[in-house]
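Trainee: May I ask for a close look at a single part of this structure, namely the surroundings of the ligand, and at how the rest of the chain is arranged?

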Amino acid sequence: MTVQELPGAAAYRPTPPPAWKPLTDPAPLLPDPEPYRVLGTDAVADADPELLLRLYAELVRGRRYNAQATALTKQGRLAVYPSSTGQEACEIAAASVLEERDWLFPSYRDTLAAVARGLDPVEALTLLRGDRHTGYDPREHRIAPLCTPLATQLPHAVGLAHAARLKGDDVVALAMVGDGGTSEGDFHEALNFAAVWRAPVVFLVQNNGFAISVPLAKQTAAPSLAHKAVGYGMPGRLVDGNDVAAVHQVLGEAVARARSGGGPTLVEAVTYRMDAHTNADDATRYRVDSEVEAWRAHDPIQLLERELTGRGLLGDEAIEEARAAAERMAAALRERMNADPVLDPMDLFAHVYAEQTAQLREQAARLRVELNAELDQHGQDDVEEGR
Ligand SMILES: Cc1ncc(C[n+]2csc(CCOP(=O)(O)OP(=O)(O)O)c2C)c(N)n1
Ligand SMILES: [Mg+2]
């Protein structure tokens, strides 16, 4: 078959689409090829020893909190506890880079971050013991409710941060999410909106290797979760999530960037969940001991302890002191959690809407009638049984 040349075809030259150019230079947005580390590297010379000692005490306290809360599930005092043992460096660093005026948006696994930010250790467990509402007033310490629906906290964080910026308030929101949460639509929507509007948000992904039993390789085919940042036009940072000095530095830089109007950052902290997903999970069904042991050798407390003792900044006495303080916290937590909470069923209707709806008022009235009837009935039984 011969191709017939159309008249004038010789003059036609295909050209690229008009006026195309990259919206953003992708090179500075790319994460480092290896997770950033401070402990055991030259960068540690720049780390403030006072800060490292404070972080150490918090890590020890955090681990003890995880152990105590897990024990409370076995004693029937807590319905469920998603432990962050092994991930304490991310939890503590996240809390410590924020100012009081900032907001933290935690997931269900981030109780420690909330406690490290000042939340009462018992109030932090209220939801997990199945008590009232969130268990705390989110406005008091500027900590959004510990969020169980995956990734829904992310658009909330972006909305709050964007609104604060429009109002001229100096507020940064730090939102925490797991590796599994990055597959949610909310993750995409939050990052896209944040980047387009340069919202003052920091996204911290704790990549702990698993979403319950699903390993990272089944979650994504991206080179790393930090690489996803480039697709939204924000910087992606990859950090050793067990190196508290590194996580503190990277998150601190991201917060400073957000505060100065530079827009959002996606930080992927590479870490590992040492315990099962929750007390209701058996992790031996989907992961091998050798993997767990390899991570045990990269324990966040040990990494920092070795650094500090090696430099003569931490001695046996200070270690004992940190452990004793953690024990005191655990004892107080045990004692308070062993007291039965007094609950008012009518509280169900509080804090649902700023102004109660007609339906809720009607339901509340019906419950009130039922409760009164029950009270009368029990009162009657008591009389009949001679009590
Ligand atoms: C929208 C939604 N889908 C599913 C679940 C059930 N679920 C609870 S935890 C979890 C795994 C999440 O894994 P990841 O985000 O990696 O966080 P991790 O538990 O490892 O901290 C799933 C699927 C949920 N809570 N919300
Ligand atoms: Mg995970």
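Mentor: Domain bounds come from an automatic or database domain assignment. For the protein chain, that assignment gives domain 1 (19-337) and domain 2 (345-385). The C-alpha centres of domain 1 and domain 2 lie 40 Å apart. This is a predicted model, in which local features need pLDDT of at least 70 and side-chain atom pairs count only at pLDDT 80 or more, while totals for chains, interfaces and linings use all residues. Residues are numbered from 1 along each chain as its sequence is written, and chains are lettered from A and ligands numbered from 1 in the order in which they are written.

Turning to the ligand, a residue is near a molecule if its C-beta atom, placed from the backbone, lies within 6 Å of it. There are 14 residues around ligand 1, and Leu150, Gly178, Gly180, Gly181 and Ala211 come nearest. The shell has 5 nonpolar, 6 polar and 3 charged residues, where Ala, Val, Leu, Ile, Met, Phe, Trp, Tyr, Cys and Pro count as nonpolar, Asp, Glu, Lys and Arg as charged, and the others, Gly among them, as polar.

One loop residue also deserves attention. Isoleucine 212 has a positive phi of about 50 degrees, although it is not a glycine. Isoleucine 212 is placed in the loop between β4 (210-211) and β5 (214-215); strands are DSSP runs (E, at least two residues), numbered from the N terminus. Isoleucine 212 counts as exposed because 12 other C-beta atoms lie within 10 Å, the cut-off for exposed being 12 or fewer such atoms, with C-beta atoms placed from the backbone.

Terms used
Helices (H or I, at least four residues) and strands (E, at least two) are DSSP runs, numbered from the N terminus. A residue is buried if 20 or more other C-beta atoms lie within 10 Å of its own, exposed if 12 or fewer, and partly exposed in between; C-beta atoms are placed from the backbone.
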